[in-house]
Amino acid sequence: MKKYSNADPRRPEAVVPFVQPKVDEEAERDAYGLIATVFATMGIMFKHHWGSWWGLIFSIISWVNEKQTTKAFRQTYTSMLFSVLGLVINYMQTFYLRR
């Protein structure tokens, strides 16, 4: 039998070095806005207090992470409006029942 001490089946010239993929920061900002809108809408439709609170928190995070040059304020302010509206609708019952 013949021993192959240097018999490596891999070809060193075919090795491709790893390159880190570029992370799109805009997608992360859009994700926070989407999560805020979903939670705020859930707070309005299903009358979950925590959904409105989480919607407000995520909309503030989305608003803080926005770039100054972007003109896409519509999603951020829509999610903020939905979350505040959800909080008003959810807690309005508490204030009217006390009277």
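This is a predicted model: local features need pLDDT of at least 70, side-chain atom pairs count only at pLDDT 80 or more; totals for chains, interfaces and linings use all residues.
User: How many residues does the protein have, and what percentage of them count as buried?

Analyst: The protein has 99 residues, of which 21% count as buried. Its exposed surface comes to about 8500 Å², and carbon and sulfur atoms supply 65% of that area.

User: What share of the contacts comes from residues 24 or more positions apart?

Analyst: Among contacts in the protein with a separation of 6 or more, 60% are between residues 24 or more positions apart.

User: How do I read a pair of aromatic rings, such as Phe39 and Trp50?

Analyst: The general idea is that a pair of aromatic rings is described by the distance of the centres and the angle of the planes. The structure holds five aromatic pairs. One of them joins Phe39 and Trp50, with 6.2 Å from centre to centre and 70° between the planes, which is an edge-to-face arrangement. Phe39 belongs to helix α1 (residues 25-46) and Trp50 to helix α2 (residues 49-64), so this pair ties together parts that are 11 residues apart in sequence.

User: Why is the pair of Phe39 and Phe58 stacked?

Analyst: Planes under 30 degrees apart count as stacked. The ring centres of Phe39 and Phe58 are 6.0 Å apart and the planes lie at 20°, so the pair is stacked. This pair, too, links distant parts of the chain, with Phe39 in helix α1 and Phe58 in helix α2, 19 residues apart.

User: Which residues form the aromatic cluster?

Analyst: One aromatic cluster is formed by Tyr32, Phe39, Trp50, Trp54 and Phe58.

User: Which residues form a nonpolar patch on the surface?

Analyst: The nonpolar patch consists of Ile60, Trp63, Val64, Phe73 and Tyr77, which together have about 480 Å² of accessible area. Helix α2 gives the largest share of this patch, three residues. Ile60 is found in helix α2, and at 38% relative accessibility Ile60 counts as partly exposed.

Key: Residues are numbered from 1 along each chain as its sequence is written. Side-chain values use heavy atoms; hydrogens and water are left out. Buried means under 20% relative accessible area, exposed over 50%, partly exposed in between (1.4 Å probe, protein chains only). Contact means heavy atoms within 4.5 Å. Accessible areas come from the Shrake-Rupley method with a 1.4 Å probe; for residues, only the protein chains shown count as cover. Rings of Phe, Tyr and Trp (its six-membered ring) pair if their centres lie within 6.5 Å; planes under 30 degrees apart count as stacked, over 60 as edge-to-face and the rest as tilted. Helices (H or I, at least four residues) and strands (E, at least two) are DSSP runs, numbered from the N terminus. Patches are made of residues with over 30% relative accessible area and no salt bridge: like charges are joined within 9 Å, nonpolar side chains (Val, Leu, Ile, Met, Phe, Trp, Tyr) within 5 Å. A salt bridge is a side-chain nitrogen of Lys or Arg within 4 Å of a carboxyl oxygen of Asp or Glu.
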